[in-house]
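The exercises below concern helix packing and a pocket. Please examine the sequence and the model before working through each solution.

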Amino acid sequence: MYKVDLNSDLGESFGAYTIGLDSEVIAHVSSANVACGYHAGDPLVMAQTVAAAKAAGVAVGAHPGYPDLMGFGRRNMNCSPKEVKAYVQYQLGALKAFCDAQGVKLQHCKPHGALYNMAAKDMDLSMAIAEAVYEVDKDVILLGLAGSKMLEAGRQVGLRVASEVFADRAYQADGSLVPRSKPGAVIHDKDEAIARTVRMVLEGKVTSITGEEVDIDAHSICVHGDNPSAVEFVKNIRAVLESKGIVIAPIADIV
């Protein structure tokens, strides 16, 4: 039986600013990556998002980023591994407090944005993240880009790791994502995105933007639900996966 997790980045509103359609998306995913206040989110939003996930039976993970509210954590920052480790522990600790208060287990940690992309190729940053997670709670699963340094680092320190794939993103021949700044980085045809996702789950393959076949592990699929058509896409992708006999389950049931 094939099982896969559907995850989405939630809790990214901040103060008076509402970002994302969390209440619609949460009904269709199995894991939520909750912003921890550095790139997005605030204490009230974190508490509300954990509560919403608990009510929906959705597993909760921390989504730590660089301290970059204005850039939404998508700008590369020149931070030392020591700094990154402290940033991740700080954010994990914050979200874990809200989880503990509501009797929810913190399932996983998935770095956000620039931190995620930089660590995917930088072993020192990846080790900083993995050590940060292990020291806070060694049962937390590290979720990272399939084939990345982050998963390698997680295994080295003794964490369970899960490979993440992206439904609507194009891949390069080395298995990394095509940067958003390049044409073709985001796949807008929902039927193409769904067909690619089903193939990643069932065959462990994806075709790169330059035509090469890339081997890929798909434990968890990232789906974005920040606009009405994206929410529709999340519903469609779940329906198609289930119609193929693929069970949607939280990460802890898969790795």
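**Exercise 1.** In which sense, left-handed or right-handed, does H7 pass H8?

Solution. The model is predicted, so local features need pLDDT of at least 70 and side-chain atom pairs count only at pLDDT 80 or more, whereas totals for chains, interfaces and linings use all residues. Residues are numbered from 1 along each chain as its sequence is written, and side-chain values use heavy atoms, with hydrogens and water left out.

Step 1. Helices (H or I, at least four residues) and strands (E, at least two) are DSSP runs, numbered from the N terminus. A crossing is left-handed if the near helix is turned anticlockwise from the far one by less than a right angle, and right-handed if clockwise. H7 passes H8 in a right-handed crossing.

Step 2. Helix H7 (residues 190-203) packs against H8 at an angle of about 40°, the axes being 10 Å apart. Axes are lines fitted to C-alpha atoms, for helices over the stretch in contact, and angles run from 0 to 180 degrees between N-to-C directions. H7 is therefore oblique to H8; angles under 35 degrees count as roughly parallel, over 145 as roughly antiparallel, 65 to 115 as roughly perpendicular and the rest as oblique.

Step 3. The contact (heavy atoms within 4.5 Å) involves Lys 190, Ala 193, Ile 194, Thr 197, Val 198 and Val 201 of H7, and Phe 233, Asn 236, Ile 237, Val 240 and Leu 241 of H8. By class, these residues are eight nonpolar, two polar and one charged. Ala, Val, Leu, Ile, Met, Phe, Trp, Tyr, Cys and Pro count as nonpolar, Asp, Glu, Lys and Arg as charged, and the others, Gly among them, as polar.

**Exercise 2.** Describe how H5 packs against H6.

Solution. Step 1. H5 and helix H6 (residues 149-157) have axes 8 Å apart, at an angle of about 45°. The two helices are therefore oblique to each other, and their crossing is right-handed.

Step 1. Among the residues that meet are Met 127 and Tyr 134 in H5, and Met 150 and Val 157 in H6. The contact of H5 with H6 comprises seven nonpolar, three polar and three charged residues.

**Exercise 3.** Which element gives the largest share of the lining of the largest pocket?

Solution. Step 1. H4 contributes that share, seven residues.

Step 1. By class, the lining residues of the largest pocket are 19 nonpolar, 16 polar and 13 charged.
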